[in-house]
Amino acid sequence: MVNVEELLKALADPTRAAILDELVDRTGQTLFEICNRLASRHRINPSRQAISQHLQVLEAAGLVHSERSGRYKFHYVDTSPLRRIAERWPPAGTETARPEKAQPERKPAAPAPGTESGTLTTTPTTGTGAPRAGSSSSKGNAS
């Protein structure tokens, strides 16, 4: 069984990602077909030997498997190993998510003097231009 680190390493290379893109688009390709598609669609022109080595890394990671048929070797994509990545880092809020670290409880702050349960009690002023206590004014006060 391949570990997540090997999967991530296999996916990290842009050429291998392009190979996977091509195999997802049309699985069951030969090395020759993959090389042609990389050259024409991605402007990637490494040697057939280099592409063959990339395919070996993808096979070792379980993302590609191949079958021989006569003189040809066909390569098929297998995305099922990618589930291991999703299982390792599940999205928040799922039942398989890891529990968060316990946070220490915070005590509520004591109410300020002259307040009731932490809310400020004021009486409105009757003058114009004087802001009420506890309210904010959008105009700046000139002093």
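This is a predicted model: local features need pLDDT of at least 70, side-chain atom pairs count only at pLDDT 80 or more; totals for chains, interfaces and linings use all residues.

Reader: Fine. At what angle do α2 and α3 pack?

Author: The angle is about 105 degrees, and the two axes are 10 Å apart. That angle falls within 65 to 115 degrees, so α2 and α3 are roughly perpendicular to each other.

Reader: Which residues make that contact?

Author: From α2 you have A18, I19, E22, L23 and D25, and from α3 there are I34, R37, L38, R41 and H42. By class they split into 5 nonpolar, 1 polar and 4 charged.

Reader: And how far apart are the axes of α2 and α4?

Author: They are 10 Å apart, with a packing angle of about 80 degrees. That makes this pair roughly perpendicular. On the α2 side the contact uses T15, R16, I19, L20 and L23, which meet I51, H54, L55, V57 and L58 of α4. The class count there is 7 nonpolar, 2 polar and 1 charged.

Reader: What about α1 and α2, at what angle do they cross?

Author: Roughly 90 degrees, and their axes come within 5 Å. α1 covers residues 4–12 and α2 covers residues 14–25. The pair is therefore roughly perpendicular.

Reader: Who touches whom there, and what classes are they?

Author: K9, A10, L11 and A12 of α1 meet P14, R16, A17 and L20 of α2. That contact has 6 nonpolar and 2 charged residues, with no polar ones.

Reader: Switching to the strands. Do β1 and β2 run parallel or antiparallel?

Author: Antiparallel, with 6 bridges joining β1 (residues 64–69) to β2 (residues 72–77). The two strands form a hairpin with 2 residues between them. In that turn, G70 has a positive phi of about 65 degrees.

Reader: Last topic, pockets. What's the volume of the largest pocket?

Author: About 170 Å³. Its lining consists of T30, L31, F32, R48, R68, R71, Y72 and K73.

Reader: Which elements supply at least two lining residues each?

Author: α3, which spans 31–42, and β2.

Reader: And how many of the lining residues are charged?

Author: There are 4 charged residues, along with 3 nonpolar and 1 polar.

Terms used: Residues are numbered from 1 along each chain as its sequence is written. Side-chain values use heavy atoms; hydrogens and water are left out. Axes are lines fitted to C-alpha atoms, for helices over the stretch in contact, and angles run from 0 to 180 degrees between N-to-C directions. Helices (H or I, at least four residues) and strands (E, at least two) are DSSP runs, numbered from the N terminus. Angles under 35 degrees count as roughly parallel, over 145 as roughly antiparallel, 65 to 115 as roughly perpendicular and the rest as oblique. Contact means heavy atoms within 4.5 Å. Ala, Val, Leu, Ile, Met, Phe, Trp, Tyr, Cys and Pro count as nonpolar, Asp, Glu, Lys and Arg as charged, and the others, Gly among them, as polar. Two strands pair if DSSP finds at least two bridges between them. On a 1 Å grid over the protein atoms alone, a cavity is a set of points where a 1.4 Å probe fits but cannot get out, and a pocket is an open set with protein on both sides within 12 Å along at least five of seven lines; lining residues have an atom within 4 Å of a point. Grid points are joined across faces, edges and corners, and a volume is the space filled by probe spheres set on the points.
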